[in-house]
Amino acid sequence: MTMDKKGNNKRGFFGLPGVRSFLAALICILLGLLVGYIVLLIINPENAGKGMEVMLKNFLARNNKVFQLKHLGNTVVKTAPLILCSLSILFAYKTGMFNIGAAGQYVAGAGACLYFAYKFSSPWYICILVAIVAGALWGAISGALKAYLNVNEVISGIMLNWISLYIVNMLMKAFCKGAEKDTIAFVRGQSPSLIPNMGLDGLFSKNTSVTIAIPLTLIIAVAIWILLSKTKFGYEIKATGFNKNAAKYAGMREKSNIILTMVICGALAGIAASFFFLSGFSTWNTNQTSVPAMGFNGIAAAFLGGLHPIGVIFSSYFIQHISDGGTSLTGMYPAQIADLVSAIIIYLCGFVLFMKLQMSKVSAAGERRRQAKLDALAAAEKENAAADDASEEMKGGEAK
Amino acid sequence: MMLLIQYTLVYASLLTVVALGGCYSERSGIINIGLEGIMVMGGLGGILVLAFIPATLPPILIFLAATLAAMICGMVYSLLLGVASINFKADQTLVGTALNMLGLALATVIVKALNIARTAGADNSARIIFKDTRPLLSLSQGTEFNMFMILTVILLVAAYIVLYKTRFGLRLMSCGEHPQAAASVGINVAKMRYFGVLISGALGGIGGLMYIYSCGSEANFETGVAGFGFLALAVMIFGQWKPHRIAISALLFGLFRALANVNQAIELLERLDIPKPIYNMLPYVICLIVLAFTSKSSKAPKAEGIPYDKSTR
């Protein structure tokens with residue numbers, strides 16, 4: 001690797017880490033879409049092209065501008081919690097942990113904020129705070145089990161996902177009257193608990209679900225980015241992720257860092273749930289028997305976004321975009337095609353490391369070639385110079 | 001009480017089979033979080049055979065055909081994990097998670113597409129009904145005892161013998177403990193790991209079929225296998241990656257899972273009047289507590305989850 005005076009990595013276009021992440025994500029997306037297209041072809045070859053178009057266009061497939069904006073609003077409302085969930089996953093991943101428990105922390109947050117909305121008609125910011133605390137506590141369980149008892153966070157996360165689902169459903173049925181029917185109507189009727197629009201709905205054809213949750217989400221993403229790249233805590237977290245023992249040796253308290261990381265992850269998932277359910281967009285179904293997919297889709301978004309807090313904003317939007325597009329497929333194809341595509345994308349994300357390695361090999365080879373050319377040139381020049389010297393000497397000799 | 005024993009055995013047998021699958025894979029050094037997805041895909045293969053095979057064939061033939069289909073589907077699907085984690089050194093947890101999501105989505109899409117095509121759009125559910133062939137696999141009518149339980153015992157004994165008494169098993173386990181040392185005496189680590197993953201795919205597939213069979217005479221693929229793949233992983237950890245201990249811990253977990261089904265039938269439990277969600281939660285809570293006490297002295301294969309790299313020591 002050659003460095004110039006400023007310490008910049010002089011490796012050409014493929015050498016830039018951002019470019020490599022972006023290219024790898026693009027390859028994953030294209031391959032995922034290709035497989036999705038093949039599946040559509042197998043199921044029903046006539047409509048495959050149209051089906052793909054509907055899925056990729058999502059809101060653009062609507063026929064007038066007002067509806068388009070409204071549907072864009074719906075996609076954006078669902079993107080916000082997805083961004084937060086993927087932040088939760090990437091934050092844990094930086095410490096070398098796999099926060100598959102984000103789904104459970106999300107459930108805990110949802111239960112807590114809805115409970116306060118129902119029971120005390122609390123204002124929205126209190127509800128969000130409660131959701132943060134609930135999610136953080138749920139994350140802390142995983143963190144403490146990992147730090148002190150060596151329990152693998154993946155397994156404990158999965159168990160906690162199910163436990164939180166059963167607990168929340170049970171408590172909601174028991175204490176929140178009418179919650180088993182519909183929580184949207186309740187949240188909407190409960191104006192203090194509803195997150196305010198502050199005029200943002202006007203941008204999306206009066207889609208009242210678009211609230212200040214969306215700009216807040218973006219702010220949180222930037223804050224996480226700053227926390228990870230500019231603070232001591234962020235540095236310690238990444239150091240622990242690279243090498244736990246080295247971090248410990250350097251005097252970092254790796255146990256409390258692990259717990260603190262999981263607390264932050266849980267808080268992020270909790271905020272995600274409160275933003276989603278207090279926007280009055282979706283109902284919490286107290287009879288659901290499987291853990292909400294939001295936490296798992298966050299894994300897809302996190303890895304597709306190159307594990308970068310800003311990258312996940314775009315990847316989350318993309319995943320939500322095709323999954324909303326997928327729901328308009330009903331009638332022609334099963335809506336789960338979109339899930340299929342995003343699952344394939346996650347699978348392909350496993351190959352990202354390999355792809356980046358290949359890219360750096362390509363750029364290294366290019367660099368070597370360039371270097372070799374330069375060396376050859378230099379050598380040729382030297383030879384020329386030597387030859388000139390020699391001939392001059394000869395001339396000099398003759399002159400003598 | 002009889003009912004409780006029956007259900008305990010149903011769940012324990014399926015957990016044993018899947019946990020043994022996980023055991024083969026992890027012993028070879030590959031973490032298999034994707035067991036849940038493998039179960040769904042294997043179960044799909046097996047159930048399709050059960051739903052469309054003529055019920056006039058001899059029961060043993062139907063049983064073998066369904067089991068074989070489940071095994072093959074599971075193995076083919078597990079190749080996705082093998083290729084990614086052995087050839088491309090991918091993050092095994094990530095790939096496993098992807099397999100879980102993919103399995104559920106793929107199975108739902110396949111079943112829905114089949115139903116739509118079969119009924120010309122009238123039925124777009126993700127259900128498969130196998131009413132006709134279900135009673136044929138039962139060992140004594142009216143009870144939950146079925147042929148899969150015999151298969152479980154065979155697989156359990158086989159796992160013990162293969163892992164501890166054969167050259168293949170010992171080599172497999174050496175790849176999970178110290179692959180570099182294994183390679184230095186001429187063992188092909190990649191090949192052994194492929195064997196581990198494929199065997200876990202086959203067993204996971206059979207387990208998936210067993211789960212779907214245990215749910216009644218129709219299968220809804222939108223709910224998948226309800227976290228049994230993960231429970232099986234917990235059984236495996238509690239069983240400390242050893243076949244005989246896996247069987248015992250599967251019985252324990254099976255008992256708690258069975259309580260959720262039959263708590264109304266037992267007088268003592270009915271009088272306690274505990275809400276049903278508590279019973280549903282119980283296996284997971286117990287699992288967590290058990291893991292908290294056993295993970296400190298975990299006997300996990302040392303090299304699991306680490307891609308094999310020739311150049312390291």
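Mentor: The account below goes from the chain as a whole to one helix and then to the contact. This is a predicted model, in which local features need pLDDT of at least 70 and side-chain atom pairs count only at pLDDT 80 or more, while totals for chains, interfaces and linings use all residues. Residues are numbered from 1 along each chain as its sequence is written, and chains are lettered from A and ligands numbered from 1 in the order in which they are written.

Chain B contains 12 helices and two strands; helices are DSSP runs of H or I with at least four residues, strands are runs of E with at least two, and both are numbered from the N terminus. In sequence order the pattern reads α-α-α-α-β-α-α-α-α-β-α-α-α-α. The C-alpha trace of chain B spans about 55 × 50 × 35 Å along its principal axes. For 313 residues, a compact globule would have a radius of gyration near 20 Å, and the 20 Å of chain B agrees with this; the radius is taken over C-alpha atoms, and the globule rule is 2.2 Å times the number of residues to the power 0.38.

Within chain B, 79% of the contacts with a separation of 6 or more join residues 24 or more positions apart. Two residues are in contact if their C-beta atoms, placed from the backbone, lie within 7 Å. Of the 313 residues of chain B, 53% count as buried, the term for a residue with 20 or more other C-beta atoms within 10 Å of its own, with C-beta atoms placed from the backbone.

Helix α2 of chain B covers residues 35-52. Its 18 residues reach 26 Å from the first C-alpha to the last, close to the 26 Å expected at 1.5 Å a residue, where the expected span is 1.5 Å times one less than the number of residues. Because 16 of the 18 residues of α2(B) are buried, this helix is largely enclosed by the rest of the structure.

The contact between the chains takes 39 residues from chain B and 37 residues from chain A. On the side of chain B that touches chain A, two or more residues each come from α3 (59-87), α4 (92-119), α9 (228-238) and α12 (276-294) of chain B. Helix α4(B) gives the largest share of that side, 13 residues. By class, the side of chain B that touches chain A has 27 nonpolar, eight polar and four charged residues; Ala, Val, Leu, Ile, Met, Phe, Trp, Tyr, Cys and Pro count as nonpolar, Asp, Glu, Lys and Arg as charged, and the others, Gly among them, as polar.

Definitions and conventions. Buried ≥ 20, exposed ≤ 12 C-beta atoms within 10 Å, placed from the backbone.
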